[in-house]
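Colleague: Could you walk me through this model? I'm new to reading structures.

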Amino acid sequence: MLWEPGPVKDRLGWLLPVVVVLVLALGVGAGIGVRILAAQAGSDPAGGAVPTTTAAVPPPGPTGVTLSADAAAHPDGARIQELLQRHFNAINNHDYAVWVSTVVARRIADTSEEDWQQQYSTSRDGSIVVNRIEPATGGQVVLISFTSTQAPEDAPVNLPGADCVRWWVSYRVVTERGQPRIDAGVRNTTINAPC
């Protein structure tokens with residue numbers, strides 16, 4: 001006996017559920033792919049790409065200061081990288097004497113060693129990237145991003161209880177005592193968010 005097709009309705013009855021399942025599977029697959037690519041690329045609030053830490057290096061990530069291609073092309077890129085490396089090493093090692101060698105005299109006068117040690121007692125910084133170096137009166141403005149971890153009780157005031165914070169800051173770098181030194185951050189340019 002030869003197979004005789006039934007009515008069109010019977011033949012197409014199985015097709016609709018198969019198509020729905022296929023469309024859902026493709027949508028889920030595309031969504032997962034987009035999330036993976038976004039996590040690999042990373043982004044900052046301004047929409048620019050920033051490095052992300054991997055599972056092999058837990059937050060705050062590597063402690064070496066890196067330069068974006070733009071910052072590396074700046075004539076003072078290497079000097080600023082070295083200055084920031086000493087600065088972040090001082091914070092991570094809780095070494096006030098080294099920190100003093102990286103900042104302007106006014107910041108030293110405003111911050112006793114006791115206050116500084118208390119401020120950074122549980123801090124650890126990493127994933128440090130110099131994104132851009134811009135000219136400014138008397139020096140440069142350096143746009144950097146980094147991740148910090150700290151005890152929840154030492155979290156920034158606007159992120160109470162956060163033990164990991166992603167920062168985007170702009171520091172003024174000026175020449176003082178014949179060397180580049182970090183001045184205060186540029187007002188109203190600091191952004192932070194929980195990791």
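Predicted model: local features only at pLDDT ≥ 70, side-chain atom pairs only at ≥ 80, totals over all residues.

Colleague: Backbone first. Which residues does a cis peptide bond join?

Modeller: Proline 59 and proline 60, with omega about 15°. Most peptide bonds are trans.

Colleague: Where is proline 60?

Modeller: In the loop between helix 2 (15-41) and strand 1 (66-67). Helices (H or I, at least four residues) and strands (E, at least two) are DSSP runs, numbered from the N terminus.

Colleague: What about phi? What is it for serine 127?

Modeller: Positive, about 50°, although serine 127 is not a glycine. Most residues other than glycine have a negative phi. Serine 127 sits in strand 2 (residues 124-136).

Colleague: And asparagine 188, what is its phi?

Modeller: Near 60°, again a positive value in a residue other than glycine. Asparagine 188 lies in the loop between strand 5 (179-185) and strand 6 (191-194).

Colleague: Is serine 127 buried or exposed? And asparagine 188, buried or exposed?

Modeller: Serine 127 is buried, at 12% relative accessible area. Asparagine 188 is exposed, at 78%. Buried means under 20% relative accessible area, exposed over 50%, partly exposed in between (1.4 Å probe, protein chains only).

Colleague: New topic. How many aromatic pairs are there?

Modeller: The count is 6. Rings of Phe, Tyr and Trp (its six-membered ring) pair if their centres lie within 6.5 Å; planes under 30 degrees apart are stacked, over 60 edge-to-face, the rest tilted. One of the pairs is tyrosine 96 with tryptophan 116. That pair is edge-to-face, with 5.7 Å centre to centre and 65° between the planes.

Colleague: Where do those two sit in the chain?

Modeller: Tyrosine 96 is in helix 5 (residues 96-100) and tryptophan 116 in helix 7 (residues 113-119). They are 20 residues apart, so the pair links distant parts of the chain. Tyrosine 96 is buried at 12%, and tryptophan 116 is buried at 0%. Ring pairs also link Tyr96, Trp99, Trp116 and Tyr120 into a cluster.

Colleague: On to the core. Which residues touch the most other members?

Modeller: Leu84, Phe88, Trp99, Val130, Val142, Ile144 and Phe146, out of 28 residues in the largest nonpolar core. A nonpolar core is a set of buried Ala, Val, Leu, Ile, Met, Phe, Trp, Tyr and Cys residues joined through side-chain atoms within 4.5 Å.

Colleague: Which helix gives the most?

Modeller: Helix 4, with 6 residues.

Colleague: What does valine 142 touch?

Modeller: Its contacts (heavy atoms within 4.5 Å) include Ile80, Leu84, Val130 and Arg132, not counting residues up to four places away in sequence.

Colleague: Last one. How do strand 4 and strand 5 pair?

Modeller: In the antiparallel sense, over 5 bridges. Two strands pair if DSSP finds at least two bridges between them. Tyrosine 171 stands opposite glycine 185 in strand 5. The hairpin of strand 4 and strand 5 has 2 residues between the strands, and arginine 177 there takes a positive phi near 55°.

Technical notes: Residues numbered from 1 in each chain as written. Heavy atoms only, no water.
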